[in-house]
Amino acid sequence: MSDGTLSVARPLRAAMVVGALGVVFGDLGTSPIYTVQTVFDPKDPHPIAPTVNNVYGVISLIFWSIMIIVTVTYVLLAMRADNDGEGGILALMTLLKRWATQIRPRTFITLSALGILGAALFLGDSIITPAISVLSAVEGLKVINPELHSWVVPLTALIVFVLFLAQRFGSGHVGRLFGPVMVVWFAVISVLGIRGVLVEPGILRALSPTYAIGFVTGHFHIAFFALAAVVLAVTGAEALYADMGHFGRRPISTAWILIVAPALTLCYLGQGALVLHDTRNLSAPFFLLSPSWGQIPLVILTTMATVIAAQAVISGAFSVAAQAAQLGYMPRLRLVHTSDREYGQVYVPWLNWFLMVSVITLVFAFRSSAALAYAYGMAVTGTIAITTILFFVVARHRWHIPSWAMVPAAAFLLTVDLLFFAANITKFVHGAWLPLVIALAAFTIMTTWRRGRLLVAARRSLREGPVDEFLESLRDGRRPTELVEGTGVFLNRDPKSAPLAFRANVDHNHVRHENVLFVSVETATVPRIDPAERVRRIDLGADDEGIRGMIVRFGYAESPDIPATLAALEDTPPGVDLARATYFLSTVELRISDEPGLAAWRKRVFTASSHVSSDASDHFSLPRDQVIVMGAQIPV
């Protein structure tokens with residue numbers, strides 16, 4: 001391919017469909033546990049009475065919300081806008097960069113900011129999802145025995161603690177069980193749904209859109225507030241798009257159409273029928289679909305399914321953080337690859353412990369899934385609305401869709417998304433503020449890091465100076481140096497400047513290696529780079545002197561491995577001994593100053609964020625016993 005990316009067509013296999021069930025649909029597939037119960041929660045600040053008309057309207061609204069948001073927005077539309085197989089908010093944002101010159105600068109900046117905000121909202125979602133998912137499952141104990149109520153919160157916290165403790169082992173081994181467990185899960189909720197429908201078969205009429213439309217238009221003052229809870233039925237929809245890189249579009253869409261969508265529909269219809277039959281079933285409509293003898297196994301299965309849902313979101317947070325760091329929106333984080341065979345399975349230790357503390361804090365602070373539900377919807381609706389906006393901008397430039405065809409579709413889907421978002425705003429003081437605060441904090445850190453990083457890079461380049469001028473000073477004797485045997489590899493941020501470490505070695509030690517490689521690493525706006533096009537030579541005009549330059553490109557979803565990349569070169573320069581090469585790193589110490597560019601408080605945020613940055617040796621997979629670090633101080 002001309003852009004140096006890899007694109008591999010994958011055949012549709014049953015194993016991939018089952019795998020998608022285990023990873024992609026955990027969050028979306030467990031939403032029936034708490035959605036209907038939350039809509040009719042009597043403790044809601046805007047309670048919805050469980051009248052016959054309201055029940056029909058709510059179930060119809062749930063069904064058609066799933067069809068519009070999941071099936072139309074994600075399966076039929078967004079999943080077609082992939083970035084060489086990768087999906088998600090960051091993939092859409094990087095796709096926009098391909099048409100940056102065709103978009104007005106202010107519009108492009110706004111869209112980029114929306115993309116960062118979408119990633120920040122996802123990180124907020126990854127804190128709330130494990131808490132609400134596991135809480136909702138363990139609350140099934142109250143159906144078995146109300147006296148077990150006091151065990152719900154501590155048991156949930158224990159499960160969450162063990163879940164995060166196990167992250168360092170990776171999801172690869174446990175992941176083999178995810179798919180089969182979720183197959184059983186969707187089969188069980190389908191059977192439970194059918195059991196409920198048989199109690200009140202009339203609930204099938206709720207599949208007609210007339211009930212949803214009539215509920216919204218005829219009882220808007222009720223339906224509007226119901227939307228804040230109805231949106232819980234589509235939580236996890238963004239995972240279909242975000243996990244495309246792992247499974248591909250066909251297995252995910254096949255799993256949705258043939259298994260997940262029918263199972264969810266039956267389960268929601270069954271709960272609606274149960275409520276119509278007896279409003280006392282509102283205490284726990286999902287668990288009450290089961291006969292009494294099956295409630296203990298159902299609680300166990302539900303807990304397993306919600307742990308899978310939480311695992312998928314946590315893994316997604318690791319991937320988003322890793323990609324954001326590669327794109328320059330977060331500090332360089334220490335990554336641990338938990339699988340040698342599966343692409344994308346990474347563990348981020350710092351983020352893992354931060355998420356664990358945050359999730360357990362939420363469990364003890366909110367103490368019930370109903371209380372957390374008010375906070376949950378805000379992150380979901382914000383992410384969906386941003387995805388819709390970015391998709392239509394990408395679609396306009398990628399497929400040249402005429403405005404007369406695109407604007408009505410975009411207006412309709414955005415109206416649906418914004419109605420959900422507005423409904424959740426009404427829950428602001430009841431918990432909806434939480435994901436906004438988390439997202440705002442993450443957005444501030446990401447944008448501050450991006451701006452600070454660019455400023456530091458510019459000031460560093462000024463200090464390093466042009467590489468051609470520095471090499472000329474070596475030739476004319478202004479910088480007398482002694483040659484030493486061996487190969488020195490200098491990692492360099494800017495291929496046009498002289499690496500700080502090389503300059504320091506010459507100016508202070510007055511030596512240089514016989515063979516010198518200047519290696520600049522670039523992160524592309526595509527997930528993976530074709531190995532044949534990974535390295536590009538730079539003519540420094542000093543080959544005869546043993547000084548050569550090159551640019552090494554990695555995709556934003558790849559982990560940079562400099563030694564492996566250099567070892568794979570077919571035309572290694574003569575005399576270069578990579579096995580015994582010395583790698584030189586140029587590190588900078590940030591110093592807060594009166595220099596312009598960032599507000600004082602943002603300078604403190606930037607320098608504080610730099611402390612979580614991982615060691616460059618680990619990040620570039622350098623052999624530690626062959627690394628020399630030389631530093632400099634840069635004002636911020």
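Reader: Which residue is the bridge partner of phenylalanine 518 in strand 6?

Author: Glycine 549 is that partner. First, a caution: this is a predicted model, in which local features need pLDDT of at least 70 and side-chain atom pairs count only at pLDDT 80 or more, while totals for chains, interfaces and linings use all residues. Residues are numbered from 1 along each chain as its sequence is written, and side-chain values use heavy atoms, with hydrogens and water left out.

Reader: What makes strand 4 and strand 6 a pair?

Author: Two strands pair if DSSP finds at least two bridges between them. Strand 4 and strand 6 (residues 547-554) have 8 bridges and run parallel. Therefore they count as paired. Strands themselves are DSSP runs of E, at least two residues long; helices are runs of H or I, at least four; both are numbered from the N terminus.

Reader: How do you know that strand 7 pairs with strand 3 and strand 8?

Author: Count bridges again. Strand 3 (residues 482-492) and strand 7 (residues 582-591) have 3, in the parallel sense. Valine 489 stands opposite tyrosine 583 of strand 7. Strand 7 and strand 8 (residues 627-635) are joined by 9 bridges and also run parallel. There, serine 586 has methionine 630 in strand 8 as its bridge partner.

Reader: Why are strand 5 and strand 8 said to stand at the edges?

Author: The open sheet has 6 strands in the order 5-6-4-3-7-8, with mixed pairing. Strand 5 (535-538) and strand 8 each have a single partner strand, so one side of each lacks a neighbour in the sheet. On average, neighbouring strands of this sheet are turned by 25° against each other, direction ignored.

Reader: Why is helix 1 called roughly perpendicular to helix 14?

Author: The axes of helix 1 (residues 14-23) and helix 14 (residues 249-277) cross at roughly 75° and come within 9 Å. Axes are lines fitted to C-alpha atoms, for helices over the stretch in contact; angles run from 0 to 180 degrees between N-to-C directions. Under 35 degrees is roughly parallel, over 145 roughly antiparallel, 65 to 115 roughly perpendicular, and the rest oblique. So helix 1 is roughly perpendicular to helix 14.

Reader: Which residues of helix 1 meet helix 14?

Author: Met16, Val17, Ala20 and Leu21 do. Their partners in helix 14 include Pro251, Ile252 and Thr254. Contact means heavy atoms within 4.5 Å.

Reader: Why is lysine 427 called buried?

Author: Buried means under 20% relative accessible area, exposed over 50%, partly exposed in between (1.4 Å probe, protein chains only). Lysine 427 has 1%, so it counts as buried. It lies in the loop between helix 18 (403-425) and helix 19 (433-464). Beyond its neighbours within four places in sequence, lysine 427 contacts residues including Asp44, His46 and Tyr374.

Reader: What makes alanine 15 exposed?

Author: Alanine 15 has a relative accessible area of 58%, so it counts as exposed. Alanine 15 is in helix 1.

Reader: Why is arginine 367 called partly exposed?

Author: Arginine 367 has 47% relative accessibility, so it counts as partly exposed. Its loop runs between helix 16 (349-366) and helix 17 (369-398). Arginine 367 also has a positive phi of about 70°, although it is not a glycine. Most residues other than glycine have a negative phi.

Reader: What makes histidine 510 partly exposed?

Author: Histidine 510 has a relative accessible area of 41%, so it is partly exposed. Histidine 510 lies in the loop between helix 21 (500-509) and strand 4 (511-523). Its phi is near 55°, a positive value.
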